[in-house]
Amino acid sequence: MGEKSMNKVEGLDELPPPADLVAAVAITGSKKNKHVVKWALEKFVPEGIVYFKLLHVRPVISRIPTPMGNHIPISQVREDIAAAFRKEVEWQVTEKLLPYKMMCTQRKVQVEIVQIESDDVVTGIAGDIRKHKITKLVIGASSRRIFSRSRTMSSRISECCPTFCTVYAVSKGKLSSLRPSDSETNECCRDDSSDTSCSTDNSSSHIASSQTDWTDRGSIGSFSRFRSDSLPVQRLQALSTINQTLFDKNMPLSGIVHSGNLSVDTVQRSYGNRNDTTSYASSFMSSVADNPSFNEASTSGASTETRANIDFELEKLRIELRHIRGMYAVAEGEAIHASRKLNELQKCRLEEEINLKQISFKEQEAEDLARQEIRRHEAAKIEAELVKESAEREAAERKEAEIRASRQTKEKERLESVFNGSFYQYRLFTWEEIISATSSFSDNLKIGTGAHGTVYKCSFQHTTAAVKILHAKEANRSRQFQQELEILSKIRHPHLLILLGACPDQSCLVYEFMENGSLEDRLMRKNNTPPLLWFDRFRIAWEVALALVFLHNSKPKAIIHRDLKPANILLGRNYVSKIGDVGLSTMVNEDYLSLSSAYKDTAPVGTLCYIDPEYQRTGVVSAKSDVYAFGMVILQLLTAKPAIALAHKVELAVANDRLMEVLDPEGGAWPIEEAMDLALMALKCTELRRIDRPDLENHILPILEKMKELAENARNLALHSPQAAPKHFICPILNEVMTDPCVAADGYTYERRAIEGWLEEKDTSPITDLPLPHKCLVPNYALLSEIVECKSGKGT
């Protein structure tokens, strides 16, 4: 027998309950065990037993399976693998027994699942009962045939269980047999012994000791058959037990064997009638009394021990007689119950016959109604087909009419937009064209990523452009896209970014390409770009102010940018500035610009440090909000410093007459007086109160025009210097001023002889290193004219 161990999966409380309040149920995990558990709950819960143990025996783990299908002895594997496999087996068993635990939990009883690891089921269960002194055990029993001689598992468990435990065998939800404990047997024997008296003390003690032995060996054969549902089997086994008991005792073969056989035959003849249990007992006792073997044994001077054995056997027969009487009473009650059941079944059969006739009649009526419904359905189907054909004709006619009306409406709108001058002046691009132009959004063509979208460099029909793709398609992004598209498609200004086209389905905008990036990148000298000189900065300030005045005076509604900052000011060729990113712009009526306090209420939007403080506080926007942002831009043009606390720093420098310390040294030789005037004007623009800020068109723009003229004169003087040639005059290959500039397929301008020599050896761009679609060169007459004018001293 293999090694046996017990694993407690889920327990009761830490302190074990008293043994007499615990009921154990042995289960295998099959579906039939639910009847055993249900019977145990119905039996013991009303008696006050609320502690249940579910016992399950599984084989000892001696081998572990492998992925190849074979098994390895557990002694040949590591301890951690063996422990993991054992835990897996325990978990599978626990999951298998979980439904039975739920049955107990529903009855509000405490339940414990005990896994017993043993190769012998009988020994495993008996050992656990003995260890925990459990007094009640419920097991499942198979239905035994009357002539079966094989010992079932339930009988083996009953024999091996300790005598202090009462074993209940349940089959099909009913008690099949009962093996009482020794305490119950002794009680029964004491009750029976009160009716009869023993002749001597020796015989009494011998009877008591023999009775204990009989209880251990024959309880399954006698007591366990009491209250059984299979009465013929119980009666035959009871008689067999009586006969077997007489043969087991050490008595003279001539007398006891004969008397035993005679008694059994008498019992069988008397009990065969099955009419009167009393006649069976009387016949059996008279047979014993009239048997000459017994009389000879009693008068021949037999020993006292033989006498005691005979008395003990008589006592056992009396006990059997009482049990048989009880069994007969149970059988009689079952017969009465069966008769009543039969009457009820006959009554139910008559009622079912009546119901069947009524159902047949209703079924016939239903068939008639079904035939009528079928005829009705066919007629309705034909009518529906006619209606469908008519509706399809009407739908086709209505669709054609709608198409004609839609064409007429679009034509009318187009004509009205042409007459009103409000038609959109941009090209519609497809998503495939956008993907092709950006080389599937290659990272090499990415210009930058902002808060609202990503910008890529692209080329449409040999024209370099910039594509802006919004990050998401939420409602606010869609509104921003539509607003930017509407504003840029209706207005044109030299210093506003030109909209070339759009792809509305994917929220894409196509702008002209600005070669020198944003003003912020140039001020911070990103990628070691050359610095902006002071005269270019003065001109950029004037250009931005000019574009803002144009937006504020647009018809029929004024446009307020609301997000003016150096990152949204783009620089093209010759550092010409243009304002972009008008997606956050808003339109207000022209009358509001003449008011001093009432404007358009809106939620504050824009970039921190550039938002009007009064706009942040009240949510009211006006043209003076752009003036505040413009003042911050001028301060950054002067200092090239971040916008955080910049106004305070410049204000302290001006107050302490130390402006030169905060001016950007990369700007060149700043004119002190003009720089001071520009700083003072910028500080006025950044006043906290809107009413204290100057008017852009009437006060700021005239000052900037004068400064722009000064900057042009200074720039003309600087261009006469041979070392002051603009960057776009220099050939990227030769690094010298071009004399015959030509535009290649990548959109960049090169010296003709230099690019021709390059294309003889390579097919890629000298700057982007991307393949060129062709090797054609186009003369750049505009740049050549500018170079010539600069050299002659007439350029601007």
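Student: In which sense do strand β22 and β24 pair, and over how many bridges?

Tutor: In general, strands of a sheet pair through backbone hydrogen bonds, either parallel or antiparallel. Here, β22 (residues 741-743) and β24 pair in the antiparallel sense, over two bridges. Two strands count as paired if DSSP finds at least two bridges between them, and a strand is a DSSP run of E with at least two residues, while a helix is a run of H or I with at least four, numbered from the N terminus. Cys742 is the residue that stands opposite Pro779 in β24.

Before we go on: this is a predicted model, where local features need pLDDT of at least 70 and side-chain atom pairs count only at pLDDT 80 or more, though totals for chains, interfaces and linings use all residues. Residues are numbered from 1 along each chain as its sequence is written, and side-chain values use heavy atoms, leaving out hydrogens and water.

Student: What is the strand order in that sheet, and which are the edge strands?

Tutor: The sheet is open and has three strands, in the order β23-β22-β24, with antiparallel pairing. The edges are β23 (749-751) and β24 (778-779), each pairing on one side only.

Student: What lines the second largest cavity?

Tutor: Its lining includes Arg562, Asp563, Tyr610 and Asp626. Helix α17 (residues 623-639) gives the most, with three residues.

Student: Is α15 enclosed or open?

Tutor: Buried means under 20% relative accessible area, exposed over 50%, partly exposed in between (1.4 Å probe, protein chains only). For α15, 17 of the 19 residues are buried, so the helix is largely enclosed by the rest of the structure.

Student: Where does Asn574 lie, and is Asn574 buried or exposed?

Tutor: Asn574 is in the loop between β17 (569-571) and β18 (577-579). Asn574 has a positive phi of about 65° although it is not a glycine. At 19% relative accessibility, Asn574 counts as buried.

Key. On a 1 Å grid over the protein atoms alone, a cavity is a set of points where a 1.4 Å probe fits but cannot get out, and a pocket is an open set with protein on both sides within 12 Å along at least five of seven lines; lining residues have an atom within 4 Å of a point.
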